[in-house]
Every structure is written in C-alpha cells, then in structure tokens.
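User: Hello! Please take a close look at one part of this model for me, and tell me about its space and its lining.

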Amino acid sequence: MMFRRTLILVLSIAALAIVVSLMPRATAQAPKAGAGKGPAAPPPSKVLVTAARADTIAEPRTFVGTVKPIRRSLVGSAAAGRVEEYLINEGDEVKAGQPIAHLRRGIIKAEVDAAKATLTMRQAELAELEKSHQDEIEQETAKLTQAQADLAYRRAKMERSRSLGSSIAKELFEEDSSLATKAGASVSEHQAALRMLTQGARHMKTEQARARVAAQQAEVSRLEEQFDRHTMKAPFDGWISAEHTEVGQWVMQGDPVAEVVELNQVDVEIAVVEDFIANLHTSVEGSVEVPALPQEKFIGRVSMINPQADPRAHTFPVKVRVENRIDHDGDSPVLKSGMFARVTLSVGKPTPCVLVPKDAVVLGGPTPLVFVAATGGSKTMVKAVPVTLGPAQGAWIAAIGDLKEGDQAIVEGNERVRPGQEVRAENKEVAYP
C-alpha cells in the first residue's frame with residue numbers, strides 16, 4: 001500500500017514537470033500565431049526640399065540713420081487777411097486738397113456773385129442779339145430769293161416781248177423792260193441788306209456782345225481765383241506736423257499757416273563711407289530696425305545716393321525708402337519723423353557663401369538650424385545642420401555652417417521633423433534672388 005502511494009506521488013511530480021517545461025514554448029509561439037494580423041508601419045512623412053546654392057555676395061554693414069518724411073511742405077497764405085476758420089489740429093491726418101484754414105471772404109464772395117450776375121446778363125444780351133440777328137438774316141434771305149425769282153420772270157417776259165418784235169405794242173415792251181430793271185434793282189437791294197446783316201454793323205454788334213461775354217467770364221475766373229486764395233489747402237496726403245497761426249490772427253501774403261509731412265512712405269537718411277559706396281546702387285535692399293519699435297521689422301530699398309560727399313567726414317548721404325504702416329487704432333503712422341533707425345545693407349567685401357531659402361531656417365533654439373534631407377541607400381533621412389545666418393538675397397539667405405551646394409534643404413514640413421527621421425522628399429522651386 002505504501003509503495004502504491006509513493007508511485008502515484010512520483011507520477012504526479014513528473015507530470016507537473018512536463019507541463020512546466022512546455023509552458024515557455026507555448027508562450028514563445030503565441031506571438032508568431034498573430035504576427036501577420038498586427039498594424040502596418042506608417043509611411044515616411046512628406047517634405048518639400050530645395051537645393052542649396054553657392055554664390056558670392058557682399059558682407060552686410062549696419063548704418064545708423066534718421067527717419068525723414070519723403071515730402072515736407074510749409075503751407076503759406078496766398079492772400080492777406082484775417083483767419084476766420086482754422087479747421088485742423090497738429091497731428092491730424094489730411095488728404096490732398098483738404099482745406100486747412102479760411103480767411104475772411106465776405107467781400108470777395110460778394111464780388112464773385114456780382115460778376116456772375118453780370119455774366120448772366122451779358123449772356124442773355126448775346127443770346128437775344130444772336131436770335132434776332134439770325135431771324136433777320138433768314139428773313140432777308142427769303143426776300144432776296146423772292147426778288148431773284150421775280151427778276152428771272154421779268155427778264156424772261158422781256159425777252160419774249162423782244163422776240164415778237166412789231167407784233168406787240170411798243171408800250172408793252174417798254175413796260176416789261178422797266179419791270180425787269182426794277183426787279184434787278186430789288187435783287188441788288190436785298191443783297192446789300194444781307195451783306196449788312198452778315199458783314200456790316202449788325203454783325204459787328206453781335207461780335208461785340210460776344211466779346212463782352214468772354215471778358216466777363218475772364219473776370220469771374222479772376223475773382224474765383226482770388227476767392228480760392230483765401231482758403232489754404234493740403235498739397236498732398238499727409239499729417240499736420242506744425243501749426244503756425246490761429247483764428248483771429250492777421251496773416252500777410254506768404255506767411256506760413258501749417259506744415260504738412262507725407263509719411264505713407266519714409267526715407268531713412270544714412271551716411272555711407274566712401275569705402276562702401278562703390279558697392280551700393282538703387283536696387284539694393286536691406287533690413288531696417290527701429291530701436292523704439294523692437295517688435296517691428298521693415299525692409300527698405302536704396303532710393304537716392306548723393307554724388308556729393310561731406311568734405312569733412314568723407315561720407316555720402318544715402319536715402320533708404322521704407323513702406324510705412326498706418327496704425328488704424330491710433331490713426332497714425334508707426335514710423336514717425338525723427339526716429340533713429342539702423343539699416344543693414346550688403347555693401348562689404350564680396351564673399352563666397354552657400355544660400356538656402358529663408359523658409360528652410362528653423363529658429364527658436366540656441367542656434368538657427370537647417371534640416372537637410374540626406375539620401376543614403378534606399379532611405380532619405382533628416383539631418384540637422386546648425387548655421388550662422390549671413391546677408392539675404394531676396395527670398396534666400398546665406399547659411400554659414402556644414403552646408404554645401406546641392407544639399408536638399410527642407411523648406412516645408414521642417415517644423416515637424418527630427419534628426420534621423422525617415423522622410424519622403426519632393427522638390428520645390430524657389431525664385432532666386
């Protein structure tokens with residue numbers, strides 16, 4: 001009995017050992033059974049790339065300048081008089097032709113009204129003369145036509161009497177001859193009257209009336225010009241930078257009334273030393289920074305290079321034109337006259353460099369980065385290249401670092417890639433410069 005129990009215990013232990021030995025094998029084979037049913041790996045991300053290019057560009061130099069309006073006008077009075085209305089305030093925006101101030105205009109306004117009334121009367125007189133004159137001409141023309149027809153009839157009748165000879169009475173022939181002569185005289189009379197109407201005194205009277213109308217029109221224009229001189233107007237769109245008079249003040253002809261500056265565009269005036277002036281021309285663009293506006297970025301283009309240098313400093317005055325931005329909340333220009341500005345222009349020594357599109361530069365880290373799509377074997381991987389930014393050429397910028405011409409710089413999608421990531425690259429054309 002004891003032997004039987006021992007045998008059962010040995011057999012149970014052996015069965016348990018066999019089960020335990022089989023468990024790892026089943027666990028290892030379980031993943032293989034479902035391996036073909038798991039999710040597929042995601043495809044590589046798509047990015048757009050542009051080949052880096054090599055070029056020789058000038059090194060940037062920074063110049064300090066002052067913001068100036070592109071136009072400034074000191075508006076003066078064109079007539080003497082007392083200021084009756086002053087319509088603007090210093091700092092106000094004005095449009096071209098907008099009134100700034102009015103002088104007293106009561107007397108000149110009355111003179112204009114009187115001259116216009118006289119002109120209306122002269123025009124009515126001329127119209128009356130022209131109408132009656134035309135009627136008389138038409139009437140006299142009709143009489144002349146009738147007289148000519150009567151003359152033709154009388155002459156024909158006289159010729160008929162002459163052809164009959166002795167068969168008619170002498171008295172009848174003489175009567176027909178007399179009537180023909182009378183008809184001819186009537187024609188001459190009406191011709192003379194018509195000439196008097198078209199070329200004589202009556203015609204001259206009409207011309208005199210027409211000349212009086214023209215003279216009165218000139219007088220009205222003269223007085224209206226005098227009236228307009230009593231209103232000072234803005235010569236162009238801009239802002240009032242200074243007031244020089246007030247209501248009630250007497251101004252003489254030529255006295256200043258207000259100063260207007262145009263600030264939709266501004267010029268930054270800088271002084272460029274003669275070492276760099278040879279590399280400067282009117283198509284050069286550069287960045288403009290204003291210390292008073294640290295969050296604002298502007299792009300300027302050289303608009304004027306003065307050929308006359310300052311004889312003491314040996315610098316040439318240069319103007320860089322900048323498109324201003326109007327703050328519609330405050331209704332004033334962001335760039336104001338007199339602000340200091342720093343202008344960076346590519347006027348230094350030409351230097352070979354590698355350029356990439358500006359969209360390829362990733363900022364926000366300790367140093368700017370350019371992500372390059374590098375192809376090795378059958379895969380395209382992302383490579384991060386730290387760079388130092390140099391001068392810009394349009395939409396391209398010099399990237400100084402481990403870059404070479406032809407590297408595929410990622411210009412779209414670079415904000416969501418990481419170094420070593422596999423990507424799918426497609427080319428994008430970027431105009432140069």
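Analyst: Happy to! On a 1 Å grid over the protein atoms alone, a pocket is an open set of points where a 1.4 Å probe fits, with protein on both sides within 12 Å along at least five of seven lines; lining residues have an atom within 4 Å of a point. Points are joined across faces, edges and corners, and volume is the space filled by probe spheres set on them. The model is predicted, and totals for linings use all residues, whereas local features need pLDDT of at least 70 and side-chain atom pairs pLDDT 80 or more. Residues are numbered from 1 along each chain as its sequence is written, and side-chain values use heavy atoms, without hydrogens or water.

Let's look at the second largest pocket, which holds about 160 Å³ of space. Its lining includes W239, I240 and S241, together with V261 and L263. R72, G91, S332, P333, K336 and S337 line this pocket too. Among strands (DSSP E runs of at least two residues, numbered from the N terminus), β7 (238–243), β9 (256–273) and β14 (332–333) each give the lining at least two residues. β7 makes the largest contribution, with three residues. By class, five lining residues are nonpolar (Ala, Val, Leu, Ile, Met, Phe, Trp, Tyr, Cys or Pro), four are polar (the others, Gly among them) and two are charged (Asp, Glu, Lys or Arg).

For context, the largest pocket has a volume of about 640 Å³. Of its 26 lining residues, E285, G286, S346, A392 and Q393 are the closest to the centre. There, β10 supplies the largest share of the lining, five residues, and the classes are twelve nonpolar, ten polar and four charged.

Definitions and conventions:
Helices (H or I, at least four residues) and strands (E, at least two) are DSSP runs, numbered from the N terminus.
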